[in-house]
Amino acid sequence: MTVDSASMGEMLATAVPMVRTLNLEFVEVTAERAVLRLPDQPDYHNHIGGPHAGAMFTLAESASGAIVLTAFGDQLSRAVPLAVRAEIDYKKLAMGSVTATATLGRPAAEVVAELDAGGRPEFPVGIALQREDGAVTGEMTVVWTLRLNG
């Protein structure tokens, strides 16, 4: 199975209901970069009127998943991507809509070579969270693995 980046938003919204629940917008998805946006929605605000930390975590994790599925879509017939662990740092107050930009931390070819050699590669995806004025409000790293089927 391969993944068409143009339909990534629809695919994730179907497979992961939380993406649909939060109304995440897929701005850009390529094998090199994924940009998702969490619109400003009062239903998902915290006690100070900005996006809830859990909504921002979901935004960032979804951006990481979008880039992983796009970068490794040609491997999905033999391996499943799984998040191994995540760490998030909230740096500044986020107000309004928030954008998450994800990038792979290892070259995809290197990860696939490790998989080809029978390993279970782990690789980080770094995500920057930014508010509308461009200020970085948080940073997250999700470590993913590709687990061979069977």
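Modeller: A residue is called buried under 20% relative accessible area, exposed over 50% and partly exposed in between, using a 1.4 Å probe and protein chains only. The structure is a predicted model, in which local features need pLDDT of at least 70, side-chain atom pairs count only at pLDDT 80 or more, and totals for chains, interfaces and linings use all residues. Residues are numbered from 1 along each chain as its sequence is written, and side-chain values use heavy atoms, leaving out hydrogens and water.

Colleague: Is Q75 buried or exposed?

Modeller: Q75 lies in the loop between α3 (53-71) and β3 (79-90); helices (H or I, at least four residues) and strands (E, at least two) are DSSP runs numbered from the N terminus. The relative accessible area of Q75 is 8%, so Q75 is buried.

Colleague: Which residues is Q75 in contact with, leaving aside its neighbours within four places in sequence?

Modeller: Contact means heavy atoms within 4.5 Å. With neighbours within four places in sequence set aside, the contacts of Q75 are V112 and L115.

Colleague: How many Å apart in space are Q75 and R20, C-alpha to C-alpha?

Modeller: In sequence, Q75 and R20 are 55 residues apart. In space, their C-alpha to C-alpha distance is 25 Å.

Colleague: What radius of gyration does the protein have?

Modeller: This radius is taken over C-alpha atoms, and the globule rule is 2.2 Å times the number of residues to the power 0.38. For 150 residues, a compact globule would have a value near 15 Å, and the protein agrees because its radius of gyration is 15 Å.
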